[in-house]
Amino acid sequence: MTISAVVTGMGVASPNGLGTQAYWRAVLRGESGIGRITRFDPSPYPATLAGEVPGFDATAHLPGRLIPQTDRSTQLALTAAQWALDDAGLGPDEPALAHASVVTSNAAGGFEFGQRELQNLWRKGSGYVSAYQSFAWFYAVNTGQISIRHGTRGPGSVLVAEQAGGLDAIGQARRHLRGGTALALTGAVEGALCPWGWAGLLASGRLSTSRDHARAFLPFDSCAAGHVPGEGGAILVMEERTSALRRGAPTVYGEVAGYAATFDPRPGTGREPGLRRAILLALADAGLGAADIGVVFADGAAVPSLDQAEADAITAVFGPRGVPVTVPKTMTGRLQSGGAALDVATALLALWHKTIPPTVNVGQLAPGARIDLVTAAPRRADIAAALVLARGHGGFNSALVVRATPRGGTGPDTTPDPHDRRS
């Protein structure tokens, strides 16, 4: 029997909205969360802009004992996981939680926590380093802390593939469901907005050095000159569809229908990058053709050569301007692995609301970008399936297909969002 892996809950922590509703409203308004970094003085650095999650007070969402144990990115992940479970109607006594899988992705770990403790070591001595440093910095810490907090004892893992990892985690969680796990918490929330993390991001050579937040992150634009980093992401609850409907899940947002990952060939070989093959494999896994896809959520590196390669891959599969393409991360910055997970949440919301969110600020497309980029304003469209693309620094490519399903439950809550700091 084929297992239909559906998403029944979402928790979003984004630079332009805390909570799923706040985020979606901001996206439809074209509201950006990118600005000058406030968490440290960026003036000595060539890049000074980032997407920071606003108005987040960890003490309002987490037990006091967890605050000194965790990095800010883990606090965001724990909060998003709780929101996802609440959204899915899963309380602490839900039997399936005991056997649930937790699969997240992370590219940096708890860098901010680690920097603080290393500064204590250098300035004060080893007696001033927190014992929690032994795990708070680690890539797997979000998987571990989510699992501990909710008492899950099913399969747990973390995947490291930079931006592509956010899709890889969701693909791995789907495998767990197909293997008999009843419930999975998956996705990614990430952030390394501290001098130590910033130095690592700058080393990629891909950061925008513009001081103008409206012109700094321009994927597929003729003026593209690097991306703006950010923090945040999304955690999803995934279940087998029949089981979700049987328990009365309030919402079935859609199905994770296809997934694939590839790796680019060694530079200098002249061989084609692996993104086109990842797209074709994901479509085949979903049992869909190119004509079935109503929108592509692009990776959008905003590096001219990478944008051209992505545009070429999309055009090769769908034809010139053959499918609407969008990059809503222009409103949040690239959130490393968290960005791909957030794109999946956004794609599911787009399917539900029949609305493609815009790519803000992009004006003149680069000459070789033969794509139908949705800019300026949302576009209404009767879309039944969406393709999400992500690439990780070093050659990782991932593609994931989400598909609308017959709507079970009552649909997304439309009451005022208590997490919305911008409404």
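**Burial first.** I call a residue buried under 20% relative accessible area, exposed over 50%, and partly exposed in between (1.4 Å probe, protein chains only). By that scale Glu117 is buried at 5% relative accessibility, and Arg116 is partly exposed at 39%.

**Ground rules.** This is a predicted model, where local features need pLDDT of at least 70 and side-chain atom pairs count only at pLDDT 80 or more, while totals for chains, interfaces and linings use all residues. Residues are numbered from 1 along each chain as its sequence is written, and side-chain values use heavy atoms, with hydrogens and water left out.

**Salt bridges.** I took a salt bridge to be a side-chain nitrogen of Lys or Arg within 4 Å of a carboxyl oxygen of Asp or Glu. The count by this rule is 16 salt bridges. I looked up Glu117 again: its salt bridge is with Arg116, and the closest N and O atoms are 3.4 Å apart.

Next I followed Arg39 to its salt bridge with Glu112, where the closest N and O atoms are 2.9 Å apart. Arg39 sits in the loop between strand E3 (34-36) and strand E4 (49-51), and Glu112 in helix H3 (residues 111-123), so the pair links distant parts of the chain, 73 residues apart. For these labels, helices (H or I, at least four residues) and strands (E, at least two) are DSSP runs, numbered from the N terminus. Arg39 is partly exposed at 28%, and Glu112 is partly exposed at 24%. I also noted that Arg39, Arg72, Glu112 and Glu231 are linked in a network of salt bridges.

Are Asp343 and Lys329 buried or exposed? I found both buried, and their side chains meet in a salt bridge at 2.8 Å, N to O.

**Nonpolar cores.** A nonpolar core here is a set of buried Ala, Val, Leu, Ile, Met, Phe, Trp, Tyr and Cys residues joined through side-chain atoms within 4.5 Å. The largest one has 47 residues, and Val7, Met10, Met238, Val344, Leu400 and Val402 have the most contacts inside it. Helix H11 gives the most to this core, with 10 residues. Apart from it I found another core of 30 residues, among them Ala257, Ala260, Phe318 and Val362.

**Last stop.** I checked Phe138, which is in the loop between helix H4 (133-136) and helix H5 (141-150). Phe138 is partly exposed, with a relative accessible area of 38%.
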